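Dear colleague,

Please find below the structure that I am handing over to you. My notes on what was found in it follow directly after.

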Amino acid sequence: MAIMITDACINCGACEPECPNNAIYEGGAEWTFADGTGLKGTGNHPSAGAINADATQEPGSMDVYYITTDKCTECVGHFDEPQCVQVCPVACIPVHPQHIESRETLMQKYLRLQATLETSAGPKP
Ligand code: SF4
Ligand code: SF4
């Protein structure tokens with residue numbers, strides 16, 4: 001599975017500080033892989049492929065909070081349950097039907113988010 005925020009979000013902000021991977025952003029906010037993770041520099045990512053962790057990415061939504069799919073592990077590696085789902089007062093964080101991931105894939109993503117890209121992907125060209 002993967003997790004997404006729907007348009008039913010009321011922008012309360014309760015989920016953002018609960019995310020252990022810093023995968024949740026306010027609508028309109030730009031994001032990076034490096035925000036709140038061990039990633040920096042360039043290298044490969046299990047679901048995103050070749051990335052520059054420090055590069056600024058476009059917001060996933062301009063209107064409501066959003067989850068960056070490539071940073072969300074469904075809390076695998078940190079907690080037994082998705083923390084954002086636990087705190088959302090309007091239950092607007094369902095499974096993302098276009099991003100179904102196995103627990104193994106989510107664990108690989110978690111491990112990559114903990115390590116620097118330079119260390120795990122070898123020296124830069
Ligand atoms: Fe963050 Fe966990 Fe929610 Fe994914 S499921 S966005 S990792 S709090
Ligand atoms: Fe939106 Fe729910 Fe997050 Fe509040 S907790 S910002 S309603 S997704």
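E101 is buried, because its relative accessible area of 13% falls under the 20% limit. Please bear in mind that this is a predicted model.

The side chain of E101 forms a salt bridge with that of K109, at 2.9 Å from N to O. One salt bridge is present in the structure. Is K109 buried or exposed? With a relative accessibility of 0%, K109 is counted as buried.

T69 is found in the loop that runs between β4 (66-67) and α1 (83-87). The relative accessible area of T69 is 19%, so T69 too is classed as buried, the limit being under 20%.

The ligands may be described next. Around ligand 1 lie I3, C19, P20, N21, I24, I67, C72, T73, E74, C75, P82 and C84. By class, this shell comprises nine nonpolar residues, two polar residues and one charged residue.

Which residues are the closest to ligand 2? They are C9, C12, G13, C15 and C88, out of 13 residues that surround the ligand. The shell of ligand 2 contains 11 nonpolar and two polar residues, and no charged residues. The shell of ligand 1, by contrast, includes one charged residue.

With kind regards

Note on methods:
Residues numbered from 1 in each chain as written. Chains lettered and ligands numbered in written order. Predicted model: local features only at pLDDT ≥ 70, side-chain atom pairs only at ≥ 80, totals over all residues. Heavy atoms only, no water. Near = heavy atom within 4 Å. Nonpolar A, V, L, I, M, F, W, Y, C, P; charged D, E, K, R; others polar. Helix = DSSP H or I, 4+ residues; strand = E, 2+ residues; numbered from the N terminus. Buried < 20%, exposed > 50% of the residue type's maximum accessible area, 1.4 Å probe, protein only. Salt bridge = Lys/Arg side-chain N within 4 Å of Asp/Glu carboxyl O.
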